[in-house]
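The sequence and structure come first.

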Number of protein chains: 2
Amino acid sequence: MEFFKILKKYKNARVGEINTTHGRILTPVFMPVGTQATVKIMTPLDLEEMGYEVILANTYHLYLRPGVDIIKKFNGLHKFMGWNKNILTDSGGFQVFSLQALRKITKEGVIFKSHIDGSEHLFTPEKVIEIQNILNGDIIMCLDECPPYPATHEYVNDSLDKTIEWAKRSKLAHKKENQHLFGIIQGGIYKDLRERAMEEMFKLDFPGYALGGVSVGEDKELIYRVVEWCGPMMPENKPRYLMGVGTPEDIWYAVERGIDMFDCVFPTRIARNGNIYTAEGQIAVRNSEFKEDDRPMDENCNCYACKNFSRAYIRHLFNVHEILGMRLTTLHNLHFMIRLIEIIRKSIIDETFEKEKEKFFKKYRI
Amino acid sequence: MEFFKILKKYKNARVGEINTTHGRILTPVFMPVGTQATVKIMTPLDLEEMGYEVILANTYHLYLRPGVDIIKKFNGLHKFMGWNKNILTDSGGFQVFSLQALRKITKEGVIFKSHIDGSEHLFTPEKVIEIQNILNGDIIMCLDECPPYPATHEYVNDSLDKTIEWAKRSKLAHKKENQHLFGIIQGGIYKDLRERAMEEMFKLDFPGYALGGVSVGEDKELIYRVVEWCGPMMPENKPRYLMGVGTPEDIWYAVERGIDMFDCVFPTRIARNGNIYTAEGQIAVRNSEFKEDDRPMDENCNCYACKNFSRAYIRHLFNVHEILGMRLTTLHNLHFMIRLIEIIRKSIIDETFEKEKEKFFKKYRI
């Protein structure tokens, strides 16, 4: 079976299908983040019932705890965490470069300190492939250097040299056919470097490509510019993955420019702080203004939380620090995200993308 | 329909059925504790799927937060918390007397300070009935004085006078037919006082009776002595409720002596600390000895957590402070408790109580 197939194109936007040994992934897709082999507070059954077909897990965190030896005993993450659908593992690069545990970057790889016990570790492209081979995710990523933001053209240029070299070594090191290794396009905010990154990476003929280094910092413009430059230029017949991005507005923007895959901690993280998505935009359901509000979190939502509980009840749960509150808001936000993706997919198939987008933002206030 | 009906008696043990406007409760029954209108981390659906027919909620906590005005807007707790089966509310007495927020006990009632903001409040028997009428639980309790332990005969004797007087006033104050008001037998560790309490309380003809003041302190002997004295003496045709008790060993002991109802925070509280019930006894699943253990928490259990996850995974979740760990252990322990109750019920019906009890404790180590 083909790894990736486009089912429908509408302008630059596409509906597609990824197939792996753990089943199908319809694209565009939003991947919930399961950093430590759990999408926080959710069970695999919750995710499956919502319709999720793929989640992301973080190599850096799992390498440190529980460690690869334990996951090896379970023949990989799927069995360890009880999730039988697709898993994408990242390379750990983003964490190593952003958690400031960094010690030294060399041509060979990167030496970093564990954020847990301060112990020193070396990630090389080969080592990261080896770890991901053990985790056994269905889609895996090349180790890349994720440059800081902002950074000079010279710094990003040198960094990109390393990322390209590491991608070549990653490809050589990876042998397992059931795991699909993606290349990552870096290059910071420099158009010429993003273009060079694409040129070099596309030569390596990975089965899919990601745009990296866009979710650093607070600057949305960075995301939008990189997507604008690269989205439509990436190989047509391969999945295009925008790493670490996914608010509703970012997803609409990027799908329109040809992006297929998203992951983001935002929907689950804000949920745990009592912030929820509704058709009218984000609201802080734990605010006291909702203390007598008998409406569901989102009147347009048919998730278990919205069908059974009021804002007043959810607000009460947050107010008295009851975990059920976070559980219900997480469930709702993940339900909101998958429903959003379904609306977007349908609008591509029906060729009503612009109309649906307009309809969405007529109510939804950013 | 009769409020309580005995379906089967075997020696002092009974299988019965309580009926209210929110459905049936088979007894013996274990009631999970939903202090703040939530059984911690569980949804109402989780509880229903396990087979729970009644939960307990705490009047003291709900009176303080969210407050009765908000619950009144929802016509009671059922709608507020999305639970359509039975609810038992306590009188708040236990919390007021045990949280050391106590200010003053008079004949009129008890003045206490909120543990949240230090504000002063008065609970009288009438006020507590009024609050419980608003909460609208199916079974409600009279305000009682829960004497400290240990306490002198004289103190407990005076305290009992108040509890009896308050029970009379509670009965007069309660008018709602859909809510069944239980009397509470106090009397500390003094057999003559427990006997006097029973004599006076039974005259008041409540539809059910509870044994109170047994779960204070650490002394199991207190529970066992009071159950031994009172269990078989309580009215045959009314439910008998042992308040605040329910480890597996306590339940076997008390059912054998005629007790029908139990509530206890223990199974859910220990779960949140990573301690679980198994057929072999309690184990601390978060211990490092389980870090590679691919067996389920309890090999004899068919709950969702045991069917899908290993001890190694649950241990990992606790180790990295992931809430899903507590969610799965809570689910398991509640599943264990209801299964235990089912075994006990069946053993009464089959007249194999002693044999089943022996079989249970052959494996289960306290």
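**Note on the predicted model**

1. β1(A) pairs with strand β2 (residues 13-20) of chain A in the antiparallel sense, over six bridges. Strands pair if DSSP finds at least two bridges between them; helices (H or I, at least four residues) and strands (E, at least two) are DSSP runs, numbered from the N terminus. Within β2(A), V15(A) is the residue opposite K8(A).

2. This is a predicted model, in which local features need pLDDT of at least 70 and side-chain atom pairs count only at pLDDT 80 or more, while totals for chains, interfaces and linings use all residues. Residues are numbered from 1 along each chain as its sequence is written, and chains are lettered from A and ligands numbered from 1 in the order in which they are written.

3. The strand order β1-β2-β3 of chain A describes an open sheet of three strands with antiparallel pairing. β1 (4-10) and β3 (23-27) of chain A are the edge strands, each with a single partner, so one side of each has no neighbour in the sheet. From one strand to the next, the twist averages 15°. Helix α14 (residues 323-349) of chain A packs on this sheet and touches β1, β2 and β3 of chain A, its direction making about 115° with that of β2(A). Contact requires C-beta atoms, placed from the backbone, to lie within 7 Å; axes are lines fitted to C-alpha atoms, for helices over the stretch in contact, and angles run from 0 to 180 degrees between N-to-C directions.

4. α14(A) also packs against α13(A), at an angle of about 130° and with the axes 7 Å apart. That angle makes α13(A) oblique to α14(A) (under 35 degrees is roughly parallel, over 145 roughly antiparallel, 65 to 115 roughly perpendicular, and the rest oblique). I314(A), L317(A) and F318(A) of α13(A) meet L324(A), G325(A), L328(A) and T329(A) of α14(A). These contact residues comprise five nonpolar, two polar and no charged; Ala, Val, Leu, Ile, Met, Phe, Trp, Tyr, Cys and Pro count as nonpolar, Asp, Glu, Lys and Arg as charged, and the others, Gly among them, as polar.

5. The contact between the chains takes 31 residues from chain A and 31 residues from chain B. On the chain A side, α3 (68-73), α4 (77-81), α12 (304-308), α13 (311-319) and α14 each give two or more residues. α13(A) gives the most, with five residues.

6. Strands β8 (residues 110-113) and β9 (residues 120-123) of chain A run antiparallel, joined by four bridges. V110(A) has F123(A) as its bridge partner. Six residues lie between the strands of this hairpin, where G118(A) takes a positive phi near 75°.

Conventions: Contact = placed C-beta atoms within 7 Å.
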